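Colleague: I'd like to learn how to read a model like this one, feature by feature. Can you walk me through it?

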There are 2 protein chains.
Amino acid sequence: MTKIHDITNRTSLARAITLMESTRADHQQEAHTLLASLLPKTGNSIRIGITGVPGVGKSTFIEAFGLHVIEQGHKVAVLAIDPSSTKTGGSILGDKTRMSKLSQHEDAFIRPSPTGGSLGGVARRTREAMLLCEAAGYDVIIVETVGVGQSEIEVADMVDMFLLLLLPGSGDELQGIKKGIVELADLIVVNKADGDLAASAKRVRADYSAALRMLHPSNHSWQPKAITCSALLGDGIPEIWHSVGEFARIMDDNGDLQRHRSKQAISWMWKEIREMLMNQFKQHPKVSARIGEMEEAVQKGEITPTQAGYTLLDIFQKVDADGSPLQE
Amino acid sequence: MTKIHDITNRTSLARAITLMESTRADHQQEAHTLLASLLPKTGNSIRIGITGVPGVGKSTFIEAFGLHVIEQGHKVAVLAIDPSSTKTGGSILGDKTRMSKLSQHEDAFIRPSPTGGSLGGVARRTREAMLLCEAAGYDVIIVETVGVGQSEIEVADMVDMFLLLLLPGSGDELQGIKKGIVELADLIVVNKADGDLAASAKRVRADYSAALRMLHPSNHSWQPKAITCSALLGDGIPEIWHSVGEFARIMDDNGDLQRHRSKQAISWMWKEIREMLMNQFKQHPKVSARIGEMEEAVQKGEITPTQAGYTLLDIFQKVDADGSPLQE
């Protein structure tokens with residue numbers, strides 16, 4: 001594959017992201033060199049995270065929202081993280097037939113990120129993909145994830161604003177949503193507020209408005225709110241885009257956006273370090289040979305977690321002191 | 001100091017915890033050997049985490065609650081984590097004059113854990129102190145923390161049941177409470193439901209009951225609830241103890257308690273490993289000399305977080321490969 005020198009079209013952008021996601025060191029190196037040269041062009045976007053359980057209508061919502069945003073003169077990139085997919089297998093997010101109108105639009109770029117079972121790794125690369133999209137001129141970045149695992153927290157940690165999509169219903173729609181996710185939301189969108197479900201959607205919206213008031217005192221610069229929408233009919237989409245704009249303006253004006261991004265960047269650096277160190281630790285043959293046994297002893301209460309941890313650390317460091325390679 | 005052979009009285013228990021908290025390796029070794037011999041005696045308690053902002057009346061609540069529990073024939077240990085205190089300085093939690101009746105009772109053991117600025121370390125030792133208390137025959141363990149930082153999450157991660165104390169008021173009482181804490185709560189207690197504040201407390205309780213229903217669908221084995229209490233008058237204390245008993249019974253009957261504790265123990269083992277590795281990394285002289293510079297470059301957007309992380313990892317591993325000691 002020839003070197004990528006710019007990412008001015010969707011094909012070269014897609015190739016740059018593929019390089020970034022590659023497990024080959026030379027590919028990653030090339031992608032990082034490219035990104036380093038493009039850094040001054042990054043940052044000029046609003047970064048929106050969107051989550052919701054399967055069936056909430058994420059694709060329909062993102063298509064309607066994305067097309068509306070493009071109509072307002074913006075360029076939209078959608079990066080989808082799907083912890084349930086694999087590199088080769090099919091997945092709801094990898095399905096190219098969804099968001100068909102949006103994906104065909106020249107001002108949109110849609111990119112599913114299969115995780116291959118290891119969320120951390122891909123979420124890390126998704127952060128870099130986001131920067132590449134910004135450098136390519138996309139000024140509205142949507143990072144989408146299924147609301148069923150750890151990925152929501154990872155995503156909330158890399159975006160400016162976090163949207164939670166909910167279904168009308170009895171509150172049971174939260175069954176699949178992890179503790180703490182509602183409190184991460186800057187905007188709750190109750191989708192499918194049409195037809196028979198319209199009244200129920202209004203009720204859910206009112207309930208969450210009340211809950212959000214309890215969770216988020218009003219003296220912060222942004223008061224999270226709940227809103228209804230019908231992605232199918234397009235109802236509520238302009239209001240949601242208006243809220244995003246309002247959020248961005250308030251956060252930008254008082255400096256919170258820059259502070260938030262700086263904090264995210266530092267914590268991202270430390271996450272990279274932590275994940276690399278832990279990977280080296282877990283993949284060390286003499287350590288990994290003992291992990292199962294230690295975990296079992298801890299679970300049975302035969303040994304304290306601290307003792308088990310120290311035992312594994314000793315193995316790791318002794319091997320290391322013997323001159324064996326620290327890294328696999 | 002002579003060796004500790006048992007922890008049958010409060011003095012020897014307190015000394016064992018002091019050894020555990022010591023930074024001297026031989027002290028820790030002795031404490032861990034002792035704990036290892038006592039492991040079969042641990043686990044027979046209900047572990048309750050309690051948090052709330054300063055001023056919510058935690059001391060008054062724990063004193064009233066602890067005395068009530070002792071009246072029911074139990075032995076109560078209170079371990080307090082105060083991220084704002086230091087080893088030498090005074091602190092609200094270190095104040096020996098608080099909980100004066102409870103601390104004088106022969107069936108109670110109260111232990112403040114100053115953190116000296118590093119929460120992780122002490123929270124780790126608090127977990128072991130909890131086990132030592134169990135081995136010493138305390139069957140109700142209360143781990144108390146101030147609801148202003150990271151410590152609530154650490155505490156929620158080491159207990160069976162998590163109580164959040166709130167004040168009557170307009171919702172502003174949550175100002176100091178981190179996002180996600182309300183969703184960690186198994187029981188919300190609105191304290192100071194007496195005198196002029198009684199009506200307001202009832203209203204806050206009703207609001208949180210509604211919010212909890214939105215956050216926690218009813219099909220889990222335990223439905224978190226909100227309750228009012230006046231620790232000052234003792235109102236509501238028996239009801240709270242009843243809820244704790246109900247929680248413990250339900251969780252024990254369906255096996256959730258054991259599963260929850262197993263999961264906590266494994267995650268504790270990995271936390272120990274992660275913290276040790278990260279401490280070695282951060283304290284490595286050649287790494288620590290570059291951290292500030294890297295963080296600044298990341299914040300200014302001159303370098304990506306990933307590049308900065310890799311640069312620091314390279315320094316760490318190169319030094320190591322040169323044969324320098326990995327550990328300080």
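Modeller: Let's begin with one residue. T304(B) sits in the loop between helix 11 (285–299) and helix 12 (305–321) of chain B. Helices here are DSSP runs of H or I with at least four residues, strands are runs of E with at least two, and both are numbered from the N terminus. Before going on, note that this is a predicted model: local features need pLDDT of at least 70, side-chain atom pairs count only at pLDDT 80 or more, and totals for chains, interfaces and linings use all residues. Residues are numbered from 1 along each chain as its sequence is written, chains are lettered from A and ligands numbered from 1 in the order in which they are written, and side-chain values use heavy atoms, with hydrogens and water left out.

Colleague: Is T304(B) buried or exposed?

Modeller: The cut-offs are these: buried is under 20% relative accessible area, exposed is over 50%, and partly exposed is in between (1.4 Å probe, protein chains only). T304(B) has 1% relative accessibility, so it counts as buried.

Colleague: And what is T304(B) in contact with?

Modeller: Contact means heavy atoms within 4.5 Å. Leaving aside neighbours within four places in sequence, T304(B) touches H32(A), L35(A), L39(A) and L131(A), together with V298(B).

Colleague: That brings in chain A. How do I read the interface?

Modeller: The size of an interface is often given as the accessible area lost when the parts come together. Buried area is that loss for two parts, with a 1.4 Å probe, summed over both. Between chain A and chain B it is about 5600 Å², and carbon and sulfur atoms give 69% of that. E183(A), M214(A) and W270(A) supply 12% of the area that chain A buries against chain B, more than any other three residues. The contact takes 66 residues from each of chain A and chain B.

Colleague: Which element of chain A gives the most to the side that touches chain B?

Modeller: Helix 10 of chain A, with 15 residues.

Colleague: What about salt bridges elsewhere?

Modeller: Side chains of opposite charge can pair when their charged atoms come close. Over all chains, the search finds 24 salt bridges. One of them joins E128(A) and R125(A) at 2.8 Å, N to O. These two are 3 residues apart in helix 5 of chain A, which means about one helical turn separates them. E128(A) and R125(A) are both buried. Then E296(A) pairs with K300(A), the closest N and O atoms being 2.9 Å apart. E296(A) is partly exposed at 43% relative accessibility, while K300(A) is exposed at 55%. Shared partners also link R125(A), E128(A) and E272(A) into one salt-bridge network.

Colleague: How do I check a helix?

Modeller: Compare its end-to-end distance with the expected span, 1.5 Å times one less than its number of residues. Helix 8 (residues 198–215) of chain A has 18 residues and should span 26 Å; its end C-alpha atoms are 25 Å apart, which agrees. Its buried residues include S200(A), V204(A), Y208(A) and L215(A). Among what covers the buried residues of helix 8 of chain A are strand 5 (161–166) of chain A and helix 8 (198–215) of chain B.

Colleague: Which backbone angles deserve a look?

Modeller: Most residues other than glycine have a negative phi. K192(A), not a glycine, has a positive phi of about 65°, and it lies in the loop between strand 6 and helix 8 of chain A. At 30% relative accessibility, K192(A) is partly exposed. K192(B) also has a positive phi of about 65°.

Note on methods. A salt bridge is a side-chain nitrogen of Lys or Arg within 4 Å of a carboxyl oxygen of Asp or Glu.
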